[in-house]
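User: I would like to learn how to read the local features of a model. Please take them one by one, with the general idea before the case.

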Amino acid sequence: LGVMESGVWPDYASSIIFELYSRGEDGTQGLDSQVRVIYNDEVITHKIPGAGGSEYVPVRKLQELIDTFRPRDLAEVCMTSQEKGRGAANEGGKDTF
């Protein structure tokens, strides 16, 4: 989400919590639902791009940001380097031995 130092792994047993807050009168999730993100007991929502420095970020904004990290083609992402190398030679998708 762009809030951690690049290349730095989280500490062992770290936790991240996404709290969902709904402002709907009937208690259902509405268009104005908000999320607060907590990492190891520290609220980090204000560091998320699109949160505007607030302790809460709209669900829609968080979803847009998360979508930028989600792979579009899982088959391609899950291919091994060996499979990628023979992709043109084996267009039928069947293994040859």
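**Reading the features**

Analyst: Start with position. Ala13 lies in the segment before E1. Helices (H or I, at least four residues) and strands (E, at least two) are DSSP runs, numbered from the N terminus. This is a predicted model: local features need pLDDT of at least 70, side-chain atom pairs count only at pLDDT 80 or more, and totals for chains, interfaces and linings use all residues. Residues are numbered from 1 along each chain as its sequence is written, and side-chain values use heavy atoms, with hydrogens and water left out.

User: Which residues make up the largest nonpolar core?

Analyst: In soluble globular proteins, nonpolar side chains tend to be buried together. A nonpolar core is a set of buried Ala, Val, Leu, Ile, Met, Phe, Trp, Tyr and Cys residues joined through side-chain atoms within 4.5 Å. Here the largest one has nine residues: Val35, Val37, Tyr39, Ile44, Ile48, Ala51, Val57, Leu62 and Leu65. At least two residues of this core come from each of strand E2 (34-39) and helix H1 (59-67). E2 gives the most, with three residues.

User: What is Val57 in contact with?

Analyst: Contact means heavy atoms within 4.5 Å. Set aside neighbours within four places in sequence. Val57 is then in contact with Ser33, Gln34, Val35, Thr45, Gly50, Ala51 and Leu62.

User: Thr45 is on that list. Where is the place of Thr45?

Analyst: Thr45 sits in the loop between strand E3 (42-43) and strand E4 (57-58). Thr45 counts as buried because its relative accessibility is 0%. Not counting residues up to four places away in sequence, Thr45 touches Val35, Arg36, Val37, Ala51, Ser54, Glu55, Tyr56 and Val57.

User: Which backbone oxygen does the side chain of Thr45 reach?

Analyst: That of Glu55, at 3.1 Å.

User: How many salt bridges does the count come to?

Analyst: The rule: a side-chain nitrogen of Lys or Arg within 4 Å of a carboxyl oxygen of Asp or Glu. The count comes to four. One of them joins Glu19 and Arg36, with the closest N and O atoms 2.8 Å apart. This pair links distant parts of the chain: Glu19 is in strand E1 (residues 16-21), Arg36 is in strand E2, and they are 17 residues apart. Glu19 is partly exposed because its relative accessibility is 23%. Arg36 has 16%, so Arg36 counts as buried.

User: Why does the pair of Arg36 and Glu55 tie together parts that are apart in sequence?

Analyst: First the distance: in the salt bridge of Arg36 with Glu55, the closest N and O atoms are 2.5 Å apart. Arg36 lies in strand E2 and Glu55 in the loop between E3 and E4, so the pair ties together parts 19 residues apart in sequence. Glu55 is partly exposed, at a relative accessible area of 35%.

User: Which side chain meets Glu42 in a salt bridge?

Analyst: Lys47 does, at 3.6 Å from N to O. Glu42 is partly exposed, at 39% relative accessibility. Lys47 is partly exposed, at 39%.

User: Which residues form an aromatic pair?

Analyst: A pair of aromatic rings is described by the distance of the centres and the angle of the planes. Rings of Phe, Tyr and Trp (its six-membered ring) pair if their centres lie within 6.5 Å; planes under 30 degrees apart count as stacked, over 60 as edge-to-face and the rest as tilted. The structure holds one such pair. Tyr21 and Tyr56 form it, edge-to-face, at 5.3 Å centre to centre with 85° between the planes. Tyr21 lies in strand E1 and Tyr56 in the loop between E3 and E4, so the pair ties together parts 35 residues apart in sequence.

Terms used: Buried means under 20% relative accessible area, exposed over 50%, partly exposed in between (1.4 Å probe, protein chains only). A polar contact is a pair of N or O atoms within 3.5 Å; within protein, one must be able to donate a hydrogen and the other to accept it, and residues adjacent in sequence count only if both atoms are side-chain atoms.
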